[in-house]
Every structure is written in C-alpha cells, then in structure tokens.
Amino acid sequence: MAEEKHSKTLTELTPLPPTIDPGPEEVLGPGHNYDTVTAKISNIVFLPLKRTPWQLAAVFVGAFALVNMFMVAVAWLFIQGVGVWGINIPVAWGFAIVNFVWWIGIGHAGTLISAILLLLKQDWRTSINRFAEAMTLFAVAQAGMFPILHLGRPWLAYWLLPYPASMWVWPQPRSPLVWDVFAVSTYATVSLLFWYTGLIPDLASMRDRAIKPWAQKIYAILSFGWRNSARHWQRYQMAYLCLGGLATPLVLSVHTTVSFDFAVSMLPGWHTTIFPPYFVAGAIYSGFAMVLTLIIPFRKWFHMEDLVTMRHIEACAKLMLGTGLIVAYGYSMEAFISYYSGNTYERFMYLNRMFGPYAITYWLLLTCNIFLPQLLWIRSIRLNVTAVWILSLVVQTGMWLERFVIVITSLHRDFLPSSWGMYYPTKWDIMTLLGTIGFFLLLMVLFIRTLPAISIFEEREEVHRKVAHAH
Amino acid sequence: MSSLIHLTPRRDNNLDRSRGGPNGRAARKSSIDLTAIRERLESGKGPEFWKSLEELADTEEFRKFVEDEFPDRTPDWNEPAQRRTFLKVMGASLALAGVTACTKQPAENIVPYVRQPEELVLGKPLFYATARPISGGAVGVLAESHEGRPTKLEGNPEHPSSLGAIDMHTQAETLNLYDPDRSQSVLRNGNISNWMNFMAALLTVRAEHAARQGAGLRLLTPPVNSPTLAAQIQDFLRAMPQAKWHQWEPAMRIPGYNPQYHFENAEVVVSLDSDFLAHGPGWLSYARAFAAKRRVLVGQTPIEQKRALQQGPHEIRPEGQANFNYARESVPAKDTTNRLYQIEGTPSVTANMADHRIRIRTSEVPAFAAQLAAAVGAQASGVSAPGNLPERAARALPAIAKDLQAHRGTSLVIAGEFQPAAVHALAHAMNTALGNVGKTVTYLAPVDASPVDNLASLRQLVSDIDAGQVDALIMIDVNPVYDAPAELNFESALKKVRFRAHLGEFQNETSVLCHWHIPMAHFLETWSDVRAHDGTVSIIQPLIMPLYGGISPHQLLAVLNTGADQTPHDIVKRYWASRSPEGDFDVFWQRALHDGVVPNTASAAAGAPAFEATAVPAPPPPGQLELVFRPDPAVGYGRYSNNSWMQELPKPQTKMTWDNAVWISPATAQRLGLHTEDVVEIDHNGRKVAGPVWILPGHADDSVTVHFGYGRQHVGRVANGVGFNAYLLRTSDSPWIATSGVSIRKISGTYTLATTQDTQTMEERNPFRILDYPDYKDSHKVQQEDEVRPEQTLFPEWSYSGYKWGMIVDLNACVGCHACVTACQAENNVPVVGKDQVHRRRAMHWLRIDRYYRGSLEDPELYFQPVFCMQCETAPCELVCPVGATVHSGDGLNQMVYNRCVGTRYCSNNCPYKVRRFNFYLYSDWYTPSLYGLRNPDVTVRSRGVMEKCTYCIQRIWAAKIESEKEDRRIVDGEIKMACEQACPTDALIFGDINDPNSRVAKMKAQPRNYSLLEDLNTRPRTTYLARVRNRNPELERV
C-alpha cells in the first residue's frame, strides 16, 4: 500500500469514478481501487470552497445562526441565573437534563460501531465508523455542556472533580452525579483517543495529497510523523484493537451511569431497576437514528453511494429496529411493574403519565419510538432512503420525548399533592436546545470539510478484501 | 435626655431563648452624642433657629451627623405609575448600584466602642419588651436587637394578649420599619420641608383657632387605646372646647363593647361567623386557651412512654446515656376535648378547627342566631332577624341547641366581629340564658379611650366639611381617602379644607391631598403606651432612633397643646409619673419597661352590654347575590399592603399571594358560568369594581366575598396597583354585608393569580390524618397507611449519644394562622420573590402550610398542615448531593451548607416532601441599604444558585449549645425554641431533645396519635405529627 507523492492539479481531482450504489449486499461500489477510494474521500476535503455542495453551505449558515442564538441564550443564563428556564420546585430539572441525556444517548452509536462492531468484525462498519465517531464526540460535547449550564452556580462546576482542595473537601462519592462526571469524561476521552488514533494513517494520506503548503504542514503535524512503515502498522493495529477493547465496556457503562441519576433516587418513575439496560438500548437506538440522519444526506450530497451503500443503511435500520424493540420492552415492563407493585405512588405516576396533563408527550413518545419504527420490518421501507431518513428523525424526536416524560412527569406530581406543580419551558429553554443542535451540525459540517469523513485506509482494506475475494 | 439609655433590656430572656442574657444597660456612646446634637438642634425655635443651625453645622459632630444619619434623601419619592414586580425593583436597584459606583465614595471609618456598654456583647442579641398597638388592643413583644437594630419580634409571655405568641402582622412589623418606601421627610405640597417649618405652620393654625376656642379645628385619628395620647387629646379638647375629635378606622368595631372569652371553661363553642382563632384583638390568647382545651393526651407512666418511644419504627434506643436522668414524670391523661360549631358563609381560618361547619350565607347568620336563641330559650328584646334557613342548617340547629343546653355554663356563643350588633345581642342573650356570662364570657370596660361610632364620627366630619365648618384638619395615622365608605366621597370633601395635615408612616392616598405630610415614627422607633385587649397597659419603648426622622403622635399633640416640641419619652414618662402608684417611680418605670406590662392596669369589669335594638336586613332571596366585605387575611385593611412578606404570604383559605380575588362558591360559579381567574365586574348599586374570580369550596352559594387592603394607588413600590380596591363598593349602610343591588358580570379577559398550592385534595395519600373522638377514646391509635417495617440494613445504626433533636406538630392544635410562616421568614432571612416567581412555583417559604379539603366540593372540611424540613434520619437529599453540601449532623439535623452548594437541585428532586427551596435568581435583596438592618446576622443571606431549607433554626441551637457548654450542663428542655414554635399561639409546634424522655417533644412523640409523613418511605423523619381528633356530634352525624 505504499503511496507515492501526488502532485495533481485541482482539475485532476475530478471527475471522480462513477457513483454506483451496489445495493444492499455490497459495502463497496464496483470499479474502486486503492487510488480511487483515496481520491474520492480526500476530495471531499480538497474540494474548493466554491464547489462545496450548496446544501452543506446552507446547513453551515443555519447552524452558525443557531450557534449565535445559543451564545445569547447562554450569556443571558449566566447573567440572570437558571431562573430564566422553566424549572421550579417540584420540577427542579428540566430541559437541561432532558437534553443532556438525549445528547449522551446519541453519542452512543459511535463507540458501538467503532468498538463492538470492530471486535465482531462487521465489514459494514468501515464506511460509517469515522462519521459515527465524530458524531459521538460532537454529541458528547453538546451533552457535556448541559450539566455545567444547569448548575445554580456554574462557576463552581469544578467542585465535582476530585482535586486536592486546600480545605480537604472532596466530591460526595455516593451521588450518581459524581459517577456521571467520571463516566462522561472517561467516555469523552476514550472516544477522542479512539477517533484520533483511527485518523492518524488518514491524516498522513491527507498530508501527502494536500497541495497547499499550510495544509500539508497542518496534516503533517496532526499525523504524528506517520511514515506508513510495516512496524507502524503492526503497532497501530494492536493499539487500535486495545482501544476498541477499552471502549467496549463504555458503551454499556456510560448510559448505565446516566440512568443511575434517576434510578438511585426515590422518586416514583425514576426509582426503577430496569433503567440501566433500557437506557443503554435507548441510547443506541437514538445513536443509530442520528447516524442515519446525518449519513443519508451526506452520501447524497457528496455522491458517496458507492462507499456508503444500501447495505450500511439497511444494517443501521435493522439495528434501530432491534434496539427499538428492547426499548418497547422497557416501556411495557415499566408500566407493568408500576401496576404490579401495588404501590400507590407508582400506580398514580404511570396513570398520570398516560392520562395526566402531559399525556400528549407520552402518547407521542409511544408513537415515535414504538409504533412508527415497526415499519422497518418491511424490507422495501428499509431500502427506501427517504423513508429511513424520516423514520430516523421520528426516532430521535421520540427519544427526546422519552427523556422529557421521564424527567418531567415523574417530578411534577410526586408524593405530597400539596407540592404538585406544572413545568412549562421558556423560550430560553428552547433556544438552548436548538442552539446545541446548531452547534452539533456546525461541528459536523466543519468535520466533513476538514477531515476524511470516511476512513481511507479501511476503505482500502475493503478494496483489498474485495480484490482478494475476487481471486 | 437620651431616649435610648432608658431602655431596659430583658434580663430573663434566657427563659425564652438562651441567646445571652447580659446584665446592665444597653447604650451606645454614639447614640448619646446624637441625642446631644438632637437636643441642641431642637432647643432652637423660630427664626433664630436657622442661625443656630449654621452654627451647629460648623461643629464636627454635626457634620458627621448629617453625613451619616441622613444620606442622600431622595427629593421626590415618586410612586411608579404602574405596577412593578419585585424583580423589576431589584433590577432598578442593581442599575442604581452601578451608577453610584461611578462616584467616589466618601471615606467611612469604622470605630469600635471605646467603652463598650455594659450589657452589650457584640454578636449577642438583646431583648427589649415593648408592644405593638393594634385596633382595640396590643400585642406584647420582646424585640430582638442586634447591636442596636431590631431584627425580630417575639411574643412577650407576660403580656395578656400575647402569652408568648405572636401573629403574622406583628411579626411583619420589622419589615414595615425598614421599608424603603416609608415616608422619609416632611412634605409641604409635595416638596421637602422639615419639622420646624411644620411646627411653625401648626402654631400659626393653633393661634388662629385658639382665638375661636378651636372652632373649625378638627382632629381625625383611629380609636385611641394609648392612655397618654388619650390624655393629650383630652387636654387639647379642654383647651379648645370648640374643636372636635373624630375617630375613624375601617374595622368599625362596635363602640364600647369588649367581651372576653374564656375558652378554658368552654366545652361547646358556637361561633356565629367569628374568626376568633385568627382575628381580633385577643385572638392569640383565645387560640392558646382553645387549643389547650382541645388537646387530648393519653396518660403514660415513664416506663410506658419509654416503651412507646422504642417501639416506634423510627425511634432508636438512645445509647451511652449513663449520666442521663430518666423521666420520672408521668404524662397526665386528658381525654376531654371541646366541640366547635362554626356557622358562616365565607370560609374562615377558624373553620379548620370546626367539628361541624354549617354553611349558610353571611346574611343568614342573624336568622340562624335568632332561631338558635329561640331554641335555647333566650330572649333578645327588639332584635328582629328575618329570613329562612337552608334546609341543612335548619335540620342541624336543634342538635346544636340541644348540645348547648346540655352544657349550661360550659358553653359559649360567639358573634363574629363583622356581624351586626343584633347578632351580638343574640349571642349575649344566649350566653345569659345558658348561664355562660361570668364563666365563659365576661365583659370589660372598653380599651379605647372614648369609644364612638366610627361611621357616625366620620360622617359628621364630612357633613361639617360640606357645611364649611372645618377650617383645619389634622389627621393622624388614618387614610380615609382610601378606606372611607365610598358614598361619603371623602376625597372631594377633604379638598375643601383650608389646612390639611397628615401624620403617617407612608405617604398614601390621603397624604397626597394634604398640604402637609409628616412622617410618623414606627412603634419600634418611639415612646408610647397602649392597652391590651383586656386593658393591661404596656409601655412602648423604642429599639432604634427614628430612621427617617419620624414624629410621634404624642409630639404632634404636644405642639398643639403646649406650643413646644417635647420628646415622646418625656411625654409618656410624665404621664405615668403623675399616675404611678405609691413608691419610687423609677422602680415602677424600670419594672414596667422590663416586663412589658404595667401591673394592675387591666380594665374593670363592665356590666352586660347594651345594644341598640336593631333590625337586620333580610337576606336576599335565593338566586340573588349578597356581597361580603372582609379585611384581607394577609394585608389586613391596608396597613400591610406595602409589606412584601404579607403580600407573599399565602392566604390561608386560597393559598393565593399578591392579589385579592372575588370569592364565590363552585355552585354559584357554575350558575354564572365563571371560572377561577375570569375577570368580573361587581356592581353594588352602581358602584363598580373589576376583579378576578376565585372559586372557593366551602363558600356559601349566592354570595360573593371581597377583601380590603388592595388596589392601593399611593403607598409604595410593592403595593401600588396590586389587586382591586374593595372599599369602592363599601357604603355606610352596608359596611360588611350588602344584601341588595349586588350583581356580578363577566367582562372580557382573564387575570393570572399566583398560588403556592394547586392541588387541593389529598389524592388517597392521607398526609393529614384524622381520628374521630369516639374511635380515639377506644383505641387511641392513628390508622396506618401501610404496614411499615423498619429498614433492613447491613450497617450499624448511628447512635445519637448526645442530643437528638426532633419536633412534633400537633394537628389537633394547629389553627392554620400562618404566624409561623412569617416568623420563619423573619428569623431566617427568607427572601420574597414576587408574584411572577410565585406563579412559577418558586416561592421561598421554608415553612409552608399545606391546605387540604376533604369531602364534597360544595361543603368540604378544611385542614391545615404545617410542613417544613422533616430532618429525615435517612435523608434522601444527602445521598445525592455531589459536593456534600447537605450533610447530617451528629445530633441528627439535616444541615445545609450554603457556600458549598453548587446548585444541581438533585436534593430537591429526591426530597419526597419538597421542602427545599432554590434561589433560581438572586432573590435576596442585596442592594437596598435600608433592608440591611432587617437581616438576622446569625443566618446567611443566600445568593443566587443556592439551595436552602429549614434546618431547625440551627443558629438558635448552637447559641444555646455554646451557653450550655460554657456552663458545663446539658441544654434544658424548652431552652431552645424554634422561630415557628415561638410564634405559635397554640403550642402546636414543639421542639426538643428526643433523647431526653422527659422532654415535651419526647412525651408527645410517645403519644399514640404520633405518625410520620410518608412513613412508608423509611426516611424516618425527625418531625412527626399528632393526628387531628374530631369531636363530632353524633346527632348531627345522623342528620
């Protein structure tokens, strides 16, 4: 796989090989060789600014506007205090926690694809793992902001870290929020390492293919002097596998820990042993939905149908269906146990969810997360890109509603009727949610245009495998 | 003479609270200097004064005085034209704080005491006995003073109207004292002037009228129950025989009628629309006696008691108590109780204690009284009360009459203060017929100096003005432009008077129409005296120099009488010097100041009251509305309109804050197609007022209740424009109930009302437990919700070897008066948040009173339950705090470390009682300097983003602990009193050491009525409740 230094002009970057979707059986389109996959993927980055697909530019502009709105919302929050949100007593947690859990959940697909599918040697992970990992990182970045924003005194957030304070006070280790700090920061760190490690050989390819000197320099620095030697590869593969092994338990641990935030409390609707597995399944569910939401437009706008084939999309859709069924089981168990427990508070809580003032969110949640995704049993729908894309949005909405239902409807009517109340989000709540979506999309757009969005060297491995199989 | 050095602090204050009981005198060197300056200033008279002022101003002392005492008087304290929320005001203050930052601040030196006053230990409060005057009485208080500033008022146990308790209004007086909106300067036609100028003007008026023997000179005051002031007014009237003294207050009490109820002797009480457990001059003492009579206790020997404590699922055997003196006192059994019938239309607080509440229209109460009187064989001559009773009331009446007759001499019929004289006459007739007079009710000579019919007096004044007979009108502490009956049209009458002067604490609707407005000294700033509801006199002594140069009414009358300015101290002392009993006057004076009461001054017994024979208007026919007027439960007649504690205090019946509303019953609302928050226009004979509807279960049908105290236009930032003014509907012919010409019409729009409790029912959870008296007598046991088993744990239980603090709330004693809520607010620097934030469910009260209904929508039972932090032994909040900001103490308190809190709010989510309060914004007012003085220095003023909650007044616990450790002893039971407990008139809240089986709280917890809130959650609350015992009449049960 030795690579020569190319000195192609910009016009030589095109035309690219014809884009042919090989269908739901193949992970790579026909006619690709090492050179064409490398050229095709790196050209997304090297494309001149003016030739950026207009859709991507539009997303960038929209996302940038949302980020500015986010800045305003956060500035106002810091000036005024968390009172700008709709939270109150009894509902002391609102959109911030809902969004936190939602984003963390979305961040789950990356690790799953990268680590677990790597260990399971799933060939279809190749074209989407880089993308999913980036998505994970950016989603975790959004999620990571919320626990700090939601604090009454955010400037003291570092008190949750076990640093050697002069007063010898430490975080209180029985609190799930402290576990959260470790779980999320570990996850973010390992995800970053994993993603970056995977990028190194590709960064070297980018360095070698870059034309502008400054670009060459930047990629050279980022690629850590990768020289493509066999020894590099030998160590690299081992390191990558080890990181995969490290990341695997995190897929389960992070959302389990996040679910402890609720399960450890004594609130009806939160105090549930089923939460850890059902949260993990829900997280993967929403994560795959987000992968689909992003990759479907991406492959269309950049004509990547031969690299991200229907096989990828169908596999993601199947996983979505599978995890969705686990989530459905979780809901039904929650409902059943609250009835079966015979506990006044539990029964009331579930009836209140179904028929109380927030009933609309509960039924919408069931529609989005359980009823509509059943369409994915039908193969023609799985193979219909538009339908899958719409369903992926539906699932994400549903998963957001799930967190809303868990957080809000449990809190707003708990034990003593005298302290019951309602929660209504304010415009600042909504602006913060939309702002993080904008921030996430902005990061994705920048990622697509600066780093290889599909793993080049792994695609070359696919080409190799295909050629080998052909023989 | 200095006024401050004559204060006599309480020496025995550690009887009430062990917070230091230093001996000697409290005086500040600086205050003596100030007084000297003040005297030099005030000794000058007439035009020479200005010269001497300049001379004085040249002295260094005077310059300091000017700089420090009266900084930057606001030239024109204009009221904003529209309503401003509390937050907006805070925002303005914040902006102004920024403005002031631009100017160079003058150097300020802090100088310590060179010679510290003997009694003063910095950081330790002193307590002074004084009294707060109220309409028809007084509440004796012990005022807590921190380095010369009063921070909190507590009841004076030696005062007959207080007996150690305090009501919410008295408690709120400290905020009135420091209110930045108080009138701050003498105004002449709205421009700043001074007392000397006013004196000159007044002396001119005096001289003019003296020539005419005072003809044309009128004085308007509320009824006067200060002996000194009354004597001054009499002197004035003697000197000016043609001058007239008019009295007016909107309460319009029946003149010369002063009944005293003795609930300790009353087994059956019939209340004819009387709110005697939350209203009226002597209600604190009545509530105490009523609750004591009602309390039921199971007798226990010490052994039984110990066993009961240990058997309880949540009580752990105290260990390591070798040196502990075990109880040898038994709890005496008391299984008699009383029975209360409440006959009313508008739900009162008292109704919460009623065993039977008979819901009839307020205008039907006279008819009920008349029929009841007939049934018990009582005769009231000349009283006619027409009208038929609703069927249910008519069926209940014989049973009530029978019950009354079965308790001759031990029953009591009380007529409500808002009922016409005829009902009082009927009540008196019934009490006479039942042999209760002299046993459960006695009559005393009136407390007011010269009781007159307020309405007639004011009407006379207006007609005299219209007749051109009034040339000069001096008004003291009245606001008739706002609160006079609407048809008198006092405003236009007032404008015809040539010389109008107004003395008042606030610039108000009346003062803005006056030529002169003089700021009145608050009762905590000046000397005076006042009679309690039984006539006992208290000397009012000041806690602080007048903050804004306030003038006392005594001073004003002294100018009228003598032409010279005299200090109120001299006036009051001179009065008593001439009247003190034999012996050393100084001893008498010191004793009176120290005790807070002047011995042997109670009113003489009076004969049976003579009521004018009156006829009562017939109630309107069914389907037609009656209109009932009431003072607001929180802001009263308007005195507390600008008091944000009172505005934010949830009104007991509705839990509504910051507004008044039109109360109607659910059935009437349905008939008229109205919903809560709909805006309606009430029409009373052409007088119209618009306000929002509140549908109140338990309200009489075809009846509308409105409350006074709102719709203020000129008083201050808090009150202006809040609510609607019900006085605009009130006319002299129907001061309390309008029975004709009342209609109500829905107009467009709705109006948001902010409540602290939305859900009214118990939702099958029974946080409030009720036992019927026969059941209680049989088994004594409160029913358990679920079988609660003790928590199983691998870890050894923590043994509380020292103190183990706990509280008990006796729901059989709690009358729901809400005094504890305000006491907690005052003690713990609890901020107010404003209507919008209350509406967003962010009210900050650490202690809330939950209000539950039980039974039908139309006629439910009403229950109040105080809820504050339960101090759970296994507190769910502690587990989840990531930074350890809420932790458990060795004596079992669930502590809150404000400066460690980062504000995750997880603790609140995990609190099943939802007693934690969060500073979503910067709620504490950090920027209004006048409010700094109000703060309790022992309690942190919380900042934004911090969780807070009740911690059993930990500052009081620690003050006592330090004292006891210094003296090497254990804390004595009763030595520490929580702020709420101290305020409680009925002893419903008891705090103490559960480890000490001899403590009152331990004895109460050993009672079988004891239960924990949500005990099935195994949080093991330290605060538990004693179930309510209802003593229903079995005959009425059948009806």
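**Figure 1. Helices α6 and α7 of chain A in the predicted model.** In this predicted model, the axes of helix α6 (residues 176-209) and helix α7 (residues 213-222) of chain A come within 8 Å and cross at roughly 160°. An angle over 145 degrees counts as roughly antiparallel, and α6(A) and α7(A) are therefore roughly antiparallel to each other. Their crossing is left-handed. On the side of α6(A), the contact is made by L203(A), M206(A) and R207(A), which meet Q216(A), Y219(A), A220(A) and L222(A) of α7(A). By class, this contact of α6(A) with α7(A) comprises 5 nonpolar residues, 1 polar residue and 1 charged residue.

**Figure 2. Helices α3 and α5 of chain A.** Helix α3 (residues 95-106) and helix α5 (residues 126-149) of chain A have axes that come within 8 Å and cross at roughly 155°. That angle makes α3(A) roughly antiparallel to α5(A). The crossing in which α3(A) passes α5(A) is left-handed. The contact of α3(A) with α5(A) has 11 nonpolar and 2 polar residues, and no charged residues.

**Figure 3. The contact between chain A and chain B.** Chain B gives 43 residues to this contact and chain A gives 38 residues. On the side of chain B that touches chain A, the elements that contribute two or more residues are α25 (876-880), α26 (906-909) and β34 (917-918) of chain B. This side of chain B divides by class into 19 nonpolar, 11 polar and 13 charged residues.

**Figure 4. An open sheet of chain B.** Chain B as a whole contains 31 helices and 39 strands. The view shows 4 strands of chain B that form an open sheet with mixed pairing, in the order β36-β29-β38-β37. At the edges stand β36 (989-993) and β37 (1010-1011) of chain B; each has a single partner strand, so one side of each is left without a neighbour in the sheet. Strand β29 (residues 805-810) of chain B runs parallel to strand β38 (residues 1023-1026) of chain B, and 4 bridges join them. With β36(B), by contrast, β29(B) pairs in the antiparallel sense over 5 bridges.

Figure 5. Two bridge partners lie in β38(B): T1024(B) is the partner of I808(B), and L1026(B) is the partner of D810(B). In β36(B), L989(B) stands opposite V809(B).

Figure 6. E948(B) is found in strand β35 (residues 947-948) of chain B. With 23 other C-beta atoms within 10 Å, E948(B) is buried; the threshold for a buried residue is 20 or more such atoms. When residues up to four places away in sequence are not counted, E948(B) touches M896(B), Y898(B), R917(B), N919(B) and R942(B). N479(B) and E948(B) are 469 residues apart in sequence, and their C-alpha atoms are 39 Å apart in space.

**Figure 7. Helix α18 of chain B and its packing.** Buried residues make up 57% of the 1039 residues in chain B. In helix α18 (residues 568-577) of chain B, the buried residues are P568(B), H569(B), I571(B), V572(B) and K573(B). These buried residues of α18(B) pack against α8 (227-239), β17 (528-531), β18 (537-540), α17 (553-562) and α19 (585-595) of chain B. Among contacts in chain B between residues at least 6 apart in sequence, 76% join residues at least 24 apart.

Notes
Residues numbered from 1 in each chain as written. Chains lettered and ligands numbered in written order. Predicted model: local features only at pLDDT ≥ 70, side-chain atom pairs only at ≥ 80, totals over all residues. Contact = placed C-beta atoms within 7 Å. Nonpolar A, V, L, I, M, F, W, Y, C, P; charged D, E, K, R; others polar. Pairing = 2+ DSSP bridges. Axes fitted to C-alpha atoms, helices over the stretch in contact; angles between N-to-C directions. Parallel < 35°, antiparallel > 145°, perpendicular 65-115°, else oblique. Left-handed = near helix turned anticlockwise from the far one by under 90°. Buried ≥ 20, exposed ≤ 12 C-beta atoms within 10 Å, placed from the backbone.
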